[in-house]
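Biologist: I'm new to this one. Can you put it up and walk me through a couple of places?

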Amino acid sequence: IMFASADLPDAFFSAEAATSRAAEYGAQGLVLPLNEMVAMYGPNIEAVFDEVPEARARGTSPDGNLYRIHHVNQIERRNVQNHLQINTAWLDAVGLDPPTTTDEFEEVLRAFKTQDPNGNGEADEIPFTSLWTTTPQGMVPLFAAFDTTSAFELFTVTTDGQVQVGLLEPGYIDAVEYFNGLYEEELIDIEVFVQDGTAWSAKTREKPYRVGSWITWAGWNAAGDLESSIRDFTLIEPLAGPRGTRAWGQQTSGTGWFASMITNQAEYPEVILRWIDNNFVPENGIQWLLGPFGVNIEEKADGRWGLTATPEGMGYGAFRTSETFVFAPSGIPNSWVTERWVPNDRGEYKSSLVDAYMPYASYYWNVDDVSILSSEEQEEIATYLSDIKTFVQNQEAEWVTNGGIRGEYDAFVAQLERMNIGRVRELYQIGVDRYFDS
């Protein structure tokens with residue numbers, strides 16, 4: 001609405017929704033090209049771009065102009081955003097080993113459902129809970145075991161730069177039938193399509209545990225704390241599917257969706273650019289990300305920086321966000337992290353999970369992370385994409401909950417072709433080719 005009315009502020013410092021249309025707004029003159037200003041006033045931005053080239057690539061439009069400056073955070077390993085974990089004590093209770101295949105996973109979930117692994121004498125176990133999304137609690141990465149992806153992860157990009165539409169791959173029918181079988185037996189949470197993150201965490205944190213398995217950012221957000229996650233749950237590496245495939249999605253490391261843009265309303269854009277550049281001094285950026293020195297961050301005995309203890313009775317997230325904006329324009333590259341930062345237990349644990357999953361991270365799950373599109377291409381994609389997403393996501397939910405995909409799939413594909421899904425894939429491939437060639 002702000003862009004449509006041209007009623008704009010001087011700048012956006014943490015824009016997410018608008019950044020995907022930066023090229024369009026730049027072509028219209030609504031946001032300014034920043035190339036020359038970065039070269040003249042942004043030595044710290046340039047230094048981060050040199051170390052993290054994808055940050056420059058993500059902000060550069062097909063016309064060669066840099067209309068947005070992405071937030072860069074390499075304080076933690078973020079290449080893989082979610083992981084599968086399973087309750088260790090429950091495995092012992094049902095006498096099964098950690099699953100390595102989709103069939104073994106189904107066997108474990110069935111045992112969790114029927115053998116009272118929490119030992120309370122009630123059939124109250126939820127074998128597996130999740131959200132049917134691409135969020136850190138989302139289960140759609142499990143589709144990769146079937147050589148496909150979910151309708152909620154519609155376009156993905158292989159690590160060699162090929163755009164794929166997973167639900168048009170042969171394994172999609174098998175995947176949906178597999179999850180439909182789990183759903184019908186209530187081996188996966190029947191609220192998987194309707195619950196939100198609050199409802200999810202209320203279930204996962206309940207003690208004694210009622211949930212036997214989940215997908216999580218790093219465990220502590222599910223179990224409630226890091227100690228419980230490590231003590232009570234076992235990491236399960238990507239499951240092998242019917243064809244032996246073990247795969248998972250990844251994202252570009254440390255380059256956030258949030259970005260800064262300066263509009264044509266700025267009277268002194270070079271002053272704004274210098275302010276953004278100041279936040280790309282890591283000692284400044286880290287305070288925007290995690291909180292001020294002396295409050296959320298303290299100097300350690302060896303002269304490096306690290307997190308202070310979270311006040312008793314207060315969650316870390318609440319403590320952090322009470323003191324900082326979190327995703328302001330800032331740059332914290334790995335070189336600074338290695339030299340100047342003391343990782344906490346959470347950061348080290350998350351890094352170990354990423355290390356375990358990276359050998360299987362064979363595709364980028366967010367096509368927008370690795371594509372550079374012109375305003376015309378973005379506009380054409382937008383013409384088709386909303387209707388396509390609504391159609392395929394509703395259909396996938398229907399098939400998972402009620403079955404029937406095999407008899408309806410051909411008509412489904414024909415409808416997608418009429419909705420121009422092939423053209424959208426073609427346009428994304430153009431944008432991805434630009435990204436990898438940049």
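Modeller: A term to begin with: strands here are DSSP runs of E, at least two residues, numbered from the N terminus. This is a predicted model.

Biologist: Okay. Which strand is Ile262 found in?

Modeller: Ile262 belongs to strand β9, residues 255-262.

Biologist: Why is Ile262 called buried?

Modeller: Because its relative accessible area is 1%, and buried means under 20%.

Biologist: What is Ile262 in contact with, leaving aside neighbours within four places in sequence?

Modeller: Asp10, Ala11, Val31, Leu32, Leu34, Pro269, Ile272 and Leu273.

Biologist: How many residues apart along the chain are Ile262 and Asp10?

Modeller: They are 252 residues apart along the chain, yet 6.1 Å separates their C-alpha atoms.

Biologist: Switching topic. How many residues of β3 are buried?

Modeller: Five of its five; β3 covers residues 83-87 and is mostly covered.

Biologist: Which residues sit on which side?

Modeller: His83, Gln85 and Asn87 are on one side, with Leu84 and Ile86 on the other. Both faces are covered. In a regular strand, side chains alternate between the two faces of the sheet.

Biologist: And how many bridges does β3 have with β6?

Modeller: Four, in the antiparallel sense; β6 is residues 213-216. Within that strand, Trp214 is the bridge partner of Gln85.

Biologist: What about β7, how many bridges join β3 to that one?

Modeller: Four bridges as well, and β3 and β7 (residues 233-236) run antiparallel.

Notes: Residues are numbered from 1 along each chain as its sequence is written. This is a predicted model: local features need pLDDT of at least 70, side-chain atom pairs count only at pLDDT 80 or more; totals for chains, interfaces and linings use all residues. Side-chain values use heavy atoms; hydrogens and water are left out. Buried means under 20% relative accessible area, exposed over 50%, partly exposed in between (1.4 Å probe, protein chains only). Two strands pair if DSSP finds at least two bridges between them. Contact means heavy atoms within 4.5 Å.
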